[in-house]
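Hello,

Here is the structure for you to look through. My notes follow below it.

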Amino acid sequence: METAGVLVAADKFKGSLTAVQVAERVTAGLRRVVPGLAVETLPVADGGDGTVAAAVAAGFERRETRVTGPLGEPVTAAYALREDTAVVEMAEASGLQHLPDGVFAPLTATTYGSGELLAAALDAGARTIVFGVGGSATTDGGAGMLAALGARFLDADGKPVGPGGGGLAGLAEADLSGLDPRLKDVDLVLASDVDNPLTGPKGAPEVYGRQKGASEEDIAVLDAALTHYASVLGPGTASLPGAGAAGGIGYGALVALGARFRPGIEVMLDVLGFAPALARATLVVTGEGSLDEQTLHGKAPAGVAAAAREAGIEVVAVCGRLALEPEALERAGIRRAYALADLEPDPAVSMAQAGPLLERAAESIARDFLTG
């Protein structure tokens, strides 16, 4: 087989390697077997954590600003900017990574900082904002975000309701007239791999509340509070696909900010320039830490594989752990997957040695697909 150009378009291996590091290790392994191989790297993300890093790796400028964290304390958050397009990752401002170990605030954690981050992108001149949501510490329906952008949420006495989803139980009036007027002239794209509604058995509190420290009682309180919130903002709006994303911040973006919902990986592939890179490749290497059922539902490798298959280009995957049968991989458009667990069965060792192991996996890919 003739030596070919390879496109490495993989997501991070959570807890061990960033998407940029995955690309570097795969490139090193491929070139160890095929010296001088033409390799193009395009780290990808699906709208969740790592989205700003992927944009920066693709040539966006990293910008940092101080915003309000989920517990109300100041944190440093980054967004990415290229010309008049910004990539904003809500987890940078309101993510679980800003909570101290073992400390949760399911009823009071706020998305206020996410609104401040969007305002910073507007201040920088953004006219298109890709708003990646996921990894949130919050379940406030985006009320904090909207408050930071000029909305007012008042109780029966005309005072602002408390922070977080819990405070929305006392909501009497939602005044959106003070929202930043610049939002009307911005194309705001809600980028998410989650299409859950805001409330109910598939809603944000029930499906995601526990990972944010919510007890069963908290979940009931949050679901009732968000149901009430949605009834004040607009009857029938709680069931919008994507409304339940990131503790309901999707709801606030869709209903109050006029955002349009698109699968995160599709948006990011467009923003990162995947199509022209794909046109230059004859083999694509994608992957993420765990290839499993979730991968098939809008995660980065599935999006990469679908686009490559449409272009008639072969795809292989690398992963830490493989939990998909060959038939499922084939249906997703992935010819073969190379798992680090096959090289090192001890998960702790595999994570600690992920870099060298990934290089070995890439050597196997080169031998199997790039040499005679």
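Y229 touches D140, G141, G142, A143, L146, F153, L168, L171 and Y251, leaving aside residues up to four places away in sequence; a contact means heavy atoms within 4.5 Å. This is a predicted model, in which local features need pLDDT of at least 70 and side-chain atom pairs count only at pLDDT 80 or more, while totals for chains, interfaces and linings use all residues. Residues are numbered from 1 along each chain as its sequence is written, and side-chain values use heavy atoms, with hydrogens and water left out.

Y229 is also, with I129 and F131, one of the residues with the most contacts inside the largest nonpolar core, which has 52 residues. Such a core is a set of buried Ala, Val, Leu, Ile, Met, Phe, Trp, Tyr and Cys residues joined through side-chain atoms within 4.5 Å; buried means under 20% relative accessible area, with a 1.4 Å probe and protein chains only. Helix α9 (residues 245-256) gives the largest share of this core, 7 residues. Another core, of 41 residues, lies apart from it and includes A55, A80, V284 and C319.

How much of the chain is buried? Buried residues make up 55% of the 372 residues.

Among contacts between residues at least 6 apart in sequence, 71% join residues at least 24 apart.

The chain has 16 helices and 13 strands, counted as DSSP runs (helices H or I, at least four residues; strands E, at least two). The C-alpha atoms fill a box of roughly 75 × 45 × 35 Å along the principal axes.

Regards

Conventions. Buried < 20%, exposed > 50% of the residue type's maximum accessible area, 1.4 Å probe, protein only.
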